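Here is a guided look at one protein chain, written to be read with the model open beside you. Take your time turning it around as you go.

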Amino acid sequence: MKIGILGTGIVGRTHATKLAELGHEVKMGTRSVEKTLAEDKPDMMGNEPFVAWQNKNSKVKLVSFDQAAEFAEIIFNVIKGEVVLKAFENLNKEHLNNKVIIDLSNALDFSKGMPPLLLTHDGNSIGEQLQQLLPKSKVVKTLNTLSASLQVNPKMLADGNHQIFMSGNDSEAKKLVETILKSYGWQDILDLGDITTARGTELLMPFWLRLWSVLGTTTFNYKIIK
């Protein structure tokens, strides 16, 4: 499958590596290819510059946002929450029409440092706003409630006995996303319903950040028992 990943941070890189290992053709999109390749210092979390990562992952090609979207059969959105809507507003919508967009973004504003501020509230979510902006696309919210390493390798915790959540309006799109999640090793996928349910999972992130602070690790997740 041809997969476009919009965003070049650690989450995008983690998925690009995994998807390439699974045999998919992957292109990563960035606002400025030249600027991304020129970065020579670690990011705010200490992750290596993109070019150093790409040297070890040469199968993954770096292109513009529009080129990645045009190329892709399915799109991963890992753009930072504070700029994601503006980024999509500037994209050629013809490259997005009728495509499934897996939205991993969180409504967090890191401009004032840690802990970040929440950009949305209980009456809205980035997932919903993205679907409203792109009525001809099929937005599925998932994978935004845990660390990047666990997203692509759930068995590194409790042998995978924990849950991933999913929200979206289109049942066929969710079936496709479920196929990708299962290829990652996810066994327990909880469909929360339409895209408005993304409000709940996005609101989990401030709590997740506090848990990280207390636990001293990002290797944890939620397990719903009834």
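## An aromatic cluster

Let's begin with some rings: Trp208, Trp212 and Phe220 come together in one aromatic cluster. Please keep in mind that you are looking at a predicted model. In general, an α-helix has 3.6 residues a turn, so residues three or four places apart point the same way.

The structure holds four aromatic pairs. Another of them brings together phenylalanine 207 and tyrosine 222: the ring centres are 6.5 Å apart and the planes meet at 25°, so this pair counts as stacked. Phenylalanine 207 sits in helix α9 (residues 198-215) and tyrosine 222 in the segment after α9, so the pair ties together parts 15 residues apart in sequence. Phenylalanine 207 is partly exposed, with a relative accessible area of 46%, whereas tyrosine 222 is buried, at 13%.

## The chain as a whole

Now zoom out. The protein chain has nine helices and ten strands. Its radius of gyration is 16 Å, close to the 17 Å that the globule rule gives for 226 residues, so the chain is as compact as a globular protein of that length. Along the principal axes, the C-alpha atoms fill a box of roughly 50 × 40 × 35 Å.

How much of the chain is buried? Of the 226 residues, 48% are buried. The accessible surface comes to about 11100 Å², and carbon and sulfur atoms account for 52% of that surface. Contacts also reach across the sequence: among those between residues at least 6 apart, 73% join residues at least 24 apart.

## Helix α1 and its cover

Helix α1 covers residues 10-21. At 1.5 Å a residue, its twelve residues should span 16 Å, and the end C-alpha atoms are 17 Å apart, which agrees. Which residues of α1 are buried? They are Gly12, Arg13, Thr14, His15, Ala16, Lys18, Leu19 and Ala20.

The cover over these buried residues includes strands β1 (2-6), β2 (25-30) and β4 (74-77), together with helices α3 (50-55), α7 (148-152) and α8 (171-184). After α1 comes glycine 23, whose phi is positive, near 100°.

In soluble globular proteins, nonpolar side chains tend to be buried together. Here, the largest nonpolar core has 31 residues, and the members that touch the most others are Ile5, Leu19, Met28, Phe76, Ile102 and Tyr184. Helix α8 gives this core its largest share, five residues. A second, separate core has 22 residues, among them Ala69, Ala87, Leu91 and Ala198.

Setting aside residues up to four places away in sequence, leucine 19 touches Ile3, Ile5, His24, Val26, Phe76, Ile180 and Tyr184.

Valine 152 lies in helix α7 and is buried, with a relative accessible area of 8%. What does valine 152 contact, leaving aside neighbours within four places in sequence? The answer is Thr14, His15, Lys18 and Tyr184.

## Two loop residues with positive phi

Asparagine 98 has a phi near 65°, a positive value in a residue other than glycine. Asparagine 98 is in the loop between α5 (84-89) and β5 (100-103) and counts as exposed, at 61% relative accessibility.

Alanine 158 also has a positive phi in a residue other than glycine, near 50°. This alanine is found in the loop between α7 and β9 (163-168), and at 53% relative accessibility alanine 158 counts as exposed.

Key:
Residues numbered from 1 in each chain as written. Predicted model: local features only at pLDDT ≥ 70, side-chain atom pairs only at ≥ 80, totals over all residues. Heavy atoms only, no water. Helix = DSSP H or I, 4+ residues; strand = E, 2+ residues; numbered from the N terminus. Expected span 1.5 Å × (residues − 1). Buried < 20%, exposed > 50% of the residue type's maximum accessible area, 1.4 Å probe, protein only. Contact = heavy atoms within 4.5 Å. Phe/Tyr/Trp six-rings, centres within 6.5 Å; stacked < 30°, edge-to-face > 60°. Rg over C-alpha atoms; globule rule 2.2 N^0.38 Å. Areas by Shrake-Rupley, 256 points an atom, 1.4 Å probe, with all protein chains shown as cover. Core = buried A, V, L, I, M, F, W, Y, C linked by side-chain atoms within 4.5 Å.
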